[in-house]
Amino acid sequence: MKSLSVQNVGKAYRTYRSEWHRFARWAGLPVKPVDEHWVLRGIDFDVRPGEAVGLIGRNGAGKSTLLKMLTGTLRPTEGCVSVNGKVFAILELGMGFNPELTGRQNAAHALSVMEADPRAAAAAMEYVEDFAEIGEYFDRPLRVYSSGMQMRVAFSVVTAMRPEILIIDEALAVGDAYFQHKSFDRIREFRDQNTTLLIVSHDRSAVQTLCDRAIMLADGAVVRDGPPEEVFDYYNATLAENVAPEVTVTRHDDGRARTSSGTGEAKVSEIGLYNRRGEQVEAVGVGETIELRVRVRVYEAVESLVLGYGVRDRLGQVMYGTNTWHTNQVISSPSGGDEYEFSICFPANFGIGTYSIQTALVDRDTHLSANYDWQDLALVFRVENFDKTAFDGCLWNEPTIEVRSLAS
């Protein structure tokens, strides 16, 4: 059984010579539109019960249109959308709320639309007021709310009762850090209770933390569907503005995808990790000082060359990253045939586990203006605890603990 099924779905916006022509088309007559713009075409994917899926893509890729079809507020032009279960959704901030009504009145109306019985609705209203934490504003008109307060009420209403399917469109980006943490915890509760989640977000950490899988849309089509780390790596590789870089995906022996991209004016020719004795290693101890050596070759003259690197955990979360733009070590006007070696020393203050190095050769502080060479999973290494006190977590930050006996 599938919670959501999207089969060959497309959505077109059409312009007709008159409303009579539009009506005739609805009636099945072969009337051609004056103009036809397809926002989505050939969308196919399924979501299993209890699965958490992230939906990513640039603005205009068709994400919001797809969500509106999944929630029934928009009909597809072609294809079929099947939804098995009750859907709760936040598609737009405060959508369906009346600005002249109070937060309490809007919440009561929304809960009644969600078909809660009176007893459940009363309990849900208590939850909304408690979770939103907006105090006396809950009984004031919505027009005096800030966007963050509207988000608090909207999110609290939608999550007041456990849905079978929960759809959220960028809602987690609104509000203060405290409420974002509360929201993440609530969504994790639903995950544990087998709620199906579909989340639209550009927040890589949020998607990789909450989702089992990610789908990338581009130009109205699905271009990637797989593990969140792999899909986000591909998405990141396509963001350069001036020149569309060549993007390739290969597989490591462990099955993880290595995404490479760039226009090729400069490339990483060699990379290695070394211990204090100058030996190349694949495993290091917690807290051990290590050296990352990156050799770069320039193939075509460029105005500037910057090396960036990042250390990522097994889920793709960046533990630390920087580049030579920020350290004021930009190479100016390198010529074709030039070679450089970068030596980067740092302590492996990480938790036990597997990590990877990503590298980027760009022209300034980001790869959005020029991406010469980007390598995800350019190098993989392990961190092991040889001589440190046992600890949990992704950061080694050993404390000094003092215990003093106090007189009763």
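Me: Before we start, what should I know about the model?

Reply: It's a predicted one, where local features need pLDDT of at least 70, side-chain atom pairs count only at pLDDT 80 or more, and totals for chains, interfaces and linings use all residues. Residues are numbered from 1 along each chain as its sequence is written, and side-chain values use heavy atoms, with hydrogens and water left out.

Me: How many helices and strands does the protein chain have?

Reply: Helices (H or I, at least four residues) and strands (E, at least two) are DSSP runs, numbered from the N terminus. Here you get 8 helices and 20 strands.

Me: At what angle do α5 and α6 cross?

Reply: Axes are lines fitted to C-alpha atoms, for helices over the stretch in contact, and angles run from 0 to 180 degrees between N-to-C directions. For α5 (residues 147-158) and α6 (residues 177-192), the axes come within 12 Å and cross at roughly 10°. So α5 is roughly parallel to α6 (angles under 35 degrees count as that).

Me: Which residues of α5 and α6 meet?

Reply: Contact means heavy atoms within 4.5 Å. M151, R152, F155 and S156 in α5 touch Y178, F179, S183, R186 and I187 in α6.

Me: In what order do the strands of the open sheet run?

Reply: Two strands pair if DSSP finds at least two bridges between them. This sheet has 3 strands, ordered β12-β14-β18, with antiparallel pairing. β12 (266-274) and β18 (339-347) are at the edges with a single partner strand each, so one side of each lacks a neighbour in the sheet. β14 (residues 289-298) pairs with β18 over 9 bridges, and L292 sits opposite I344 in β18.

Conventions. Parallel < 35°, antiparallel > 145°, perpendicular 65-115°, else oblique.
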